[in-house]
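Subject: Structure handover

Hello,

Here is the structure for you to look over. My notes on what was found in it follow below.

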Amino acid sequence: FGHSRFGAWRSSIQSHCVSHSPLETLTMDMLRLEIRSSKEIIEDKVGKKVTSLSLPHGSQHPGLLQEASDCGYKFVCTSEINYYNPSSAQDVKLIPRIPVPDTSSIELFSEIVLGNGNTVESWRRAQNLKSMLKKIIGINNYRKIYRFIYNVKIGA
């Protein structure tokens, strides 16, 4: 979603890569193909500029920011749970997010928006534990365990 200069919200279609593979598992050539092809396909089909990339599985690649900049992305949306600080001097802005479940109460939503309470901090701690687990066992093993626990079928 984006905000127009007139204040009205408008929706847009942005990139999430082609194969949804964790980017950290890809070679530089594969990374380039994933993020460039996705951008080109969407722009061709929709006829609008694609400026944002959402990382599959929150997985980052060492060459990601440079490659994203080279092909015209302005924003890379991570899975990092945090508030966005727009003061970053990077060409491509890394945008964290705060997931808000559709079952959230208005009180929880207000707490998140106002930055009060411990909810976001507890989510961030849980995310840090998942990140450590991914580093210890590897992203592919983590994805296998995730699919097993949540009964996710490959290709479904």
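Histidine 20 sits in the loop that joins β2 (9–10) to α1. Please keep in mind for this and everything that follows that the model is predicted. The phi angle of histidine 20 is positive, about 65 degrees, although the residue is not a glycine. For comparison, most residues other than glycine have a negative phi. Histidine 20 is partly exposed, its relative accessible area being 35%.

Histidine 57 also has a positive phi, near 60 degrees, and is likewise not a glycine. Its place is the loop between β3 and α2. Is histidine 57 buried or exposed? With a relative accessible area of 19%, histidine 57 counts as buried, because the limit for that class is under 20%.

Overall layout

The chain contains five helices and five strands. Read from the N terminus, their order is β-β-α-β-α-β-β-α-α-α. Along the principal axes, the C-alpha atoms occupy a box of roughly 45 × 40 × 35 Å. The chain has 156 residues, and 28% of them count as buried. Among contacts with a separation of 6 or more, 45% are between residues 24 or more positions apart.

The largest pocket

The volume of the largest pocket is about 930 Å³. Its lining is made up of 30 residues, and those nearest the centre are His57, Gly58, Ser79, Gln127 and Lys134. Histidine 57, described above for its positive phi, is therefore also one of the residues nearest the centre of this pocket, and it is buried.

Three elements each contribute at least two residues to the lining: β4 (75–81), α4 (119–137) and α5 (139–149). Which of the elements gives the most? That is α4, with eight residues. Sorted by class, the lining has 12 polar, 11 nonpolar and seven charged residues.

In soluble globular proteins, nonpolar side chains tend to be buried together. Here the largest nonpolar core has 15 residues, and the ones with the most contacts inside it are Leu23, Ile35, Leu53, Leu64, Tyr73 and Val76. Both α1 (28–46) and α2 (64–70) supply at least two residues of this core. The largest share comes from α1, which provides three residues.

Tyrosine 73 is worth a look on its own. Apart from its neighbours within four places in sequence, tyrosine 73 is in contact with Ser15, Ile35, Lys39, Val50, Thr51, Ser52, Leu53, Ala68 and Val92. Two of these partners, Ile35 and Leu53, are listed with tyrosine 73 among the core residues with the most contacts.

Cysteines

How many disulfides does the structure hold? The number is zero. For cysteine 17, the nearest cysteine sulfur belongs to cysteine 71 and is 9.6 Å away. Cysteine 71 is in no disulfide either, and its nearest cysteine sulfur is that of cysteine 17, at 9.6 Å. Cysteine 17 is buried, with a relative accessible area of 11%. Cysteine 71 is buried as well, at 13%.

Two loop residues

Glutamine 60 lies in the loop between β3 (52–54) and α2, the loop that also holds histidine 57. Glutamine 60 counts as partly exposed, with 37% relative accessibility. Not counting residues up to four places away in sequence, it touches Leu23, Glu24, Leu55 and Thr78. Of these, Leu23 is one of the core residues with the most contacts. Glutamine 60 and serine 87 are 27 residues apart along the chain, and their C-alpha atoms are separated by 21 Å.

Lysine 48 is found in the loop between α1 and β3. At 58% relative accessibility, lysine 48 counts as exposed, because the limit for that class is over 50%.

Regards

Methods: Residues numbered from 1 in each chain as written. Predicted model: local features only at pLDDT ≥ 70, side-chain atom pairs only at ≥ 80, totals over all residues. Heavy atoms only, no water. 1 Å grid on protein atoms, 1.4 Å probe; cavity = no way out; pocket = protein on both sides within 12 Å on 5 of 7 lines; lining within 4 Å. Points joined across faces, edges and corners; volume = space filled by probe spheres on them. Helix = DSSP H or I, 4+ residues; strand = E, 2+ residues; numbered from the N terminus. Nonpolar A, V, L, I, M, F, W, Y, C, P; charged D, E, K, R; others polar. Disulfide = S-S within 2.5 Å. Buried < 20%, exposed > 50% of the residue type's maximum accessible area, 1.4 Å probe, protein only. Core = buried A, V, L, I, M, F, W, Y, C linked by side-chain atoms within 4.5 Å. Contact = heavy atoms within 4.5 Å.
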